[in-house]
Protein chains: 2
Amino acid sequence: MSEIRKDPIVDRWVIVATERAAKPVELVQQARTQALQTCPFCEGHEDETTPEILAYRQTPAATNGRGWHVRVIPNKYPAVTAQGNSATAGSGFYHQVRGVGSHEVVIECPQHDTNLAELSTKQVGDVLTVYRDRLRGLASDERLAYALVFKNYGALAGASMEHCHSQILATPNVPLLVAEELAGSVQHHSRSGVCPYCALLAEELEVGSRVVLETTRFVVICPFASRFPFEMWVLPRTHASHFEEQDETELTELAAILKSALRRLGAVLNDPAYNYYLHTAPLRTTTMPHFHWHLEVFPRLAQLAGFEHGSGMFINPIRPEHAAELLRAALD
Amino acid sequence: MSEIRKDPIVDRWVIVATERAAKPVELVQQARTQALQTCPFCEGHEDETTPEILAYRQTPAATNGRGWHVRVIPNKYPAVTAQGNSATAGSGFYHQVRGVGSHEVVIECPQHDTNLAELSTKQVGDVLTVYRDRLRGLASDERLAYALVFKNYGALAGASMEHCHSQILATPNVPLLVAEELAGSVQHHSRSGVCPYCALLAEELEVGSRVVLETTRFVVICPFASRFPFEMWVLPRTHASHFEEQDETELTELAAILKSALRRLGAVLNDPAYNYYLHTAPLRTTTMPHFHWHLEVFPRLAQLAGFEHGSGMFINPIRPEHAAELLRAALD
């Protein structure tokens with residue numbers, strides 16, 4: 001049973017999900033990614049995973065069989081519970097709710113020995129289309145307020161499986177960081193009448209020094225206040241609050257720019273571990289004039305230390321302008 | 001030159017401190033701690049460090065020489081700039097201030113091959129007394145609003161030096177996480193007339209299941225909404241907002257309970273990397289009825305992944321009640 005507990009002083013929620021650990025001492029061992037020989041995510045091992053939720057394949061009849069490009073399955077060790085409602089519990093002084101939600105794995109390709117940046121643009125496009133389609137699908141579950149799409153690449157980024165994959169974790173609450181972006185952007189919008197992300201894009205395209213890549217519809221920047229060296233944000237050039245409203249043409253162009261950004265990151269930093277996540281509007285909301293979906297990417301280099309954990313401030317040893325310069329110059 | 005940049009949408013500050021990195025690709029290498037042979041923190045190597053700010057030694061005349069128990073020096077690669085004022089700069093759309101502040105290293109003992117949990121209680125008490133004395137000293141610098149005391153133990157916790165040490169980073173702003181605790185606690189207090197940390201202690205002592213240790217003056221708990229497996233908070237039993245007001249008797253008792261808590265953590269998890277930080281009231285503030293200083297300790301086990309970074313929520317695979325049970329049962 002998963003519980004979502006709230007800190008009594010600050011707005012901080014913790015999912016307590018005991019199904020994910022065996023013995024405490026096993027937590028101490030470094031994350032090891034599962035090797036090729038025993039990988040249940042590889043084509044031909046479909047019967048070793050939980051039954052698929054969605055897959056793109058040539059022969060639709062072959063559910064849970066071979067022949068797929070992208071495949072979505074329930075996480076075998078979910079952080080949240082699929083069944084039931086998010087009833088409140090707690091002792092009076094403390095507050096907690098049942099950890100109800102959905103935790104899915106997107107297997108990005110059938111073959112083991114590759115990574116997202118090396119897939120074809122068409123295949124990356126399929127992965128992005130799956131994100132869109134699952135966001136649309138999860139919106140029909142009224143218990144869920146938000147679905148976070150994210151990727152952990154490499155053991156240092158928290159990946160426990162080597163095979164190319166990402167995850168979608170849907171929760172009954174809007175995660176704090178998204179709620180803060182929504183609150184901050186509504187404030188900017190009410191002050192200025194402009195979406196702050198649109199204003200940011202205009203500023204970045206004018207200044208130029210933090211722009212990594214731009215296409216007709218998308219821009220990749222190293223943000224002004226990058227928390228991490230080589231942090232990148234991918235944004236649609238035209239205002240759009242909901243990722244799930246992107247059409248095929250947009251997703252194809254997004255696939256190309258994302259692939260290029262990830263290849264450059266790999267070239268500059270020699271294939272580093274990295275994370276990305278998608279910040280889009282909450283499920284079942286209507287178009288927002290103040291909020292602009294974006295994908296945030298960052299390599300995992302130095303460990304976060306006591307200062308970052310204790311202060312909520314970050315120390316970045318590379319100026320974002322310098323990072324952008326190196327990423328622009330990298331071979332694609 | 002250090003800059004403190006603000007994210008344009010949310011309340012997130014980033015220190016951009018380029019003096020700390022050489023080439024970008026060097027960031028990729030795993031943190032390696034400096035080995036014994038070349039350690040400038042060892043007794044006898046005082047001329048290899050920056051000149052000391054404070055030291056406890058038998059013969060006070062021997063400044064920057066041998067014979068010390070605890071020694072405080074400026075960090076050789078400071079995240080903030082010691083000189084000047086925190087003048088605002090920025091491009092209009094963005095906001096930044098000069099990264100003015102103080103970044104100090106507390107060398108916790110003269111010998112290399114040990115760690116805080118293995119020092120004598122007297123020596124741990126000296127380290128805590130140095131924290132107190134430096135907080136008092138830093139309060140006289142009117143440019144500084146807050147001083148965060150923190151410790152990184154082990155490469156996985158972000159330590160770049162092996163020799164037993166902690167750090168004090170003082171900034172012109174109150175860090176976000178402290179500001180949030182202050183805001184949350186003032187809200188509780190105005191609603192209930194009680195310090196929420198005092199209420200929390202009363203609840204924990206009554207329930208008992210999350211209490212790890214208690215003495216006359218201090219309590220160690222695994223907090224209800226622990227972000228990390230085996231997270232522990234050390235709090236004074238009687239209300240106290242300012243750590244720097246603790247007297248010798250209190251610091252001696254605190255040293256004993258902290259040492260016991262760290263030894264138990266080491267016993268249960270086989271000497272894990274860990275961080276701790278001290279949350280006390282901002283510099284030059286008067287007694288606060290709502291806020292209660294505390295020290296937060298947590299081992300570094302699994303990597304934070306894309307979900308935590310993207311949501312601000314944490315996933316903890318161990319119930320705090322179970323962690324507390326194991327820590328209570330551990331040999332001291």
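Helices (H or I, at least four residues) and strands (E, at least two) are DSSP runs, numbered from the N terminus. The model is predicted, so that local features need pLDDT of at least 70 and side-chain atom pairs count only at pLDDT 80 or more, while totals for chains, interfaces and linings use all residues. Residues are numbered from 1 along each chain as its sequence is written, chains are lettered from A and ligands numbered from 1 in the order in which they are written, and side-chain values use heavy atoms, with hydrogens and water left out.

In chain A, His163(A) lies in the loop between β8 (146–153) and β9 (165–171). With a relative accessible area of 0%, His163(A) is buried (under 20% relative accessible area, with exposed over 50% and partly exposed in between; 1.4 Å probe, protein chains only). Leaving aside neighbours within four places in sequence, the contacts of His163(A) include Cys39(A), Cys42(A) and His112(A) (contact means heavy atoms within 4.5 Å).

Cys39(A), in the loop between β2 (13–17) and β3 (54–57) of chain A, is buried, at 1% relative accessible area.

His188(A) belongs to helix α2 (residues 176–192) of chain A and counts as buried at 19% relative accessibility. Among the residues touched by His188(A) are Pro8(B) and Ile9(B).
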